[in-house]
Every structure is written in structure tokens, then in C-alpha cells.
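Colleague: Hi! I'm new to this one, could you walk me through it?
Modeller: Happy to, let me put it on screen.

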Amino acid sequence: VVHDTGDVAISCNIGGASCDHLTIRHNEIHHTNGTGEGMYLGCNGGDCTLSESVIERNYVHDLGGSQGDGIEIKQGSWGNVVRDNVIVRANYPGITLYSFPAADGHGPNVIERNLVWHTNDNGIQVTGRAIIRNNVVIGAGASGIASQPNMDTPTEVQILFNTVVGAGDSCVRASSWDTGTGFAVANNALYCEGARALRIASATTAIVVGNV
């Protein structure tokens, strides 16, 4: 149990180094301070990365600080699995994931089977080369699941078999999808009364099928 910290609860962000093959499991994190992320993995701008790691079965809730993402994986990180976590009352997105260059030839990051509940921002936010599947997002302040530019342009994002209930903007929102390929939004259950269920801006190649 990690709580009432002066800054991030769990971090792996030493400039010029890399974190790989980590397992972060069965932790409870709450009431952080400073920037306030529950987990801050990798470095801003890709100066260090997280790869081939598993983040699972953690309970991250009631975060504080100036930002307060639940689990944040930075630019250049690849091949990671974020699964079966419960994230409640994060100030920034519950899960934030950036992208990595295609030239690296690595496999995508996978976000699956998480419960994200009552964030003040997006529930799950990704940029590129990611699979987001079988998650439940409830009561996001902005969008339940969002793909948008963040230090890179979106590409190769698959949003599959998720359930999103309630959002300030949209259940699923995609921005700048006209600059990449490999997009799919399929077989999701989306219920956002008073907001948009599905908002895709400028998409030319996205597969959108089977959503309810």
C-alpha cells in the first residue's frame, strides 16, 4: 500500500535508462501529491522507456497533486500489458499511453480488462500502436476512451469490446485519425446519455463496425 506520497507513487523514469520486464502487481495506491501520478513509467519525450512489462491487479484511487494520472506510460514504450486494474477518481486520465516509432519494429501495447471509474479527464487516453479491449469505463469527465495526438500522431489504434457508460464529451472520441492507418472501433457498448456515443474526427481509413 503506497499513500500520502510527496510525489508519484511508483515511478521508473531515469533519463537515459530503460525499464524492461517489470511486473507491477497487487498494489494499492492513493492520496498522492506533487504531480500525483499513481504510476509514472518512462520519461517525457522518450528519453527512457518501459518495455515488455506487466501492470496488473492494482487498485489506484483518490489521487491528488497537480496532474494525477492513474497509470501513465510515456512515449517510446512498447510491448506492455496493462490489465485487470481498478482506477477510481483520478484527476487526469485513468490510463495514459503514448506511442512509439514504427521503425522500432516492436509489438503494440495492450490495455485490457481494466475498470476506470470517475476520472476528471478521459478514462483511457492513447496515442498510437495500442489495443484497448474489454475495459469498462464509467463516468469520465471528458471522454471514456480517447485517441489523440500527444508527442506523436495517432496510428494503429484498435478499440474493441469495451463498455463505456457516461462521459462529459463522448463515450469514444478519436482525433486526427486522418494522419495514420490501422484504426478500428468495433463491438463496443457505448451509453453516454446527454453526450456523444462515438465521435471520430477526420478519419478516412477507420473500420467502425458492430458498436451498440
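Modeller: We can start with the sheet and then turn to a single residue. Keep in mind that this is a predicted model.

Colleague: Okay, how many strands form the open sheet, and in what order?
Modeller: There are 8 strands, and the order is β2-β6-β10-β13-β16-β19-β22-β25. Their pairing is parallel.

Colleague: Which strands stand at the edges?
Modeller: Those are β2 (10-12) and β25 (196-200). Each has a single partner strand, so one side of each has no neighbour in the sheet.

Colleague: And what does the twist average from one strand to the next?
Modeller: The average is 5°.

Colleague: Can we zoom in on one pair? How many bridges join β19 to β22?
Modeller: Strand β19 (residues 143-147) and strand β22 (residues 170-174) are joined by 4 bridges, and they run parallel. To pick out one of the partners, Ser143 is bridged to Ser170 in β22.

Colleague: Changing topic: where is Arg83?
Modeller: Look in strand β11, which covers residues 81-83. Arg83 has a relative accessible area of 24%, so by the cut-offs of under 20% for buried and over 50% for exposed, Arg83 counts as partly exposed.

Colleague: What does Arg83 touch?
Modeller: Leaving out residues up to four places away in sequence, Arg83 touches Val54, Ile55, Glu56, Arg57, Glu112, Arg113 and Asn114. With Glu56, the side chain of Arg83 makes a polar contact of 2.7 Å.

Colleague: How far apart are Arg83 and Ala9 in space?
Modeller: They are 19 Å apart, C-alpha to C-alpha, and 74 residues apart in sequence.

Key:
Residues numbered from 1 in each chain as written. Predicted model: local features only at pLDDT ≥ 70, side-chain atom pairs only at ≥ 80, totals over all residues. Heavy atoms only, no water. Pairing = 2+ DSSP bridges. Helix = DSSP H or I, 4+ residues; strand = E, 2+ residues; numbered from the N terminus. Axes fitted to C-alpha atoms, helices over the stretch in contact; angles between N-to-C directions. Buried < 20%, exposed > 50% of the residue type's maximum accessible area, 1.4 Å probe, protein only. Contact = heavy atoms within 4.5 Å. Polar contact = N/O pair within 3.5 Å; in protein donor to acceptor, adjacent residues only side chain to side chain.
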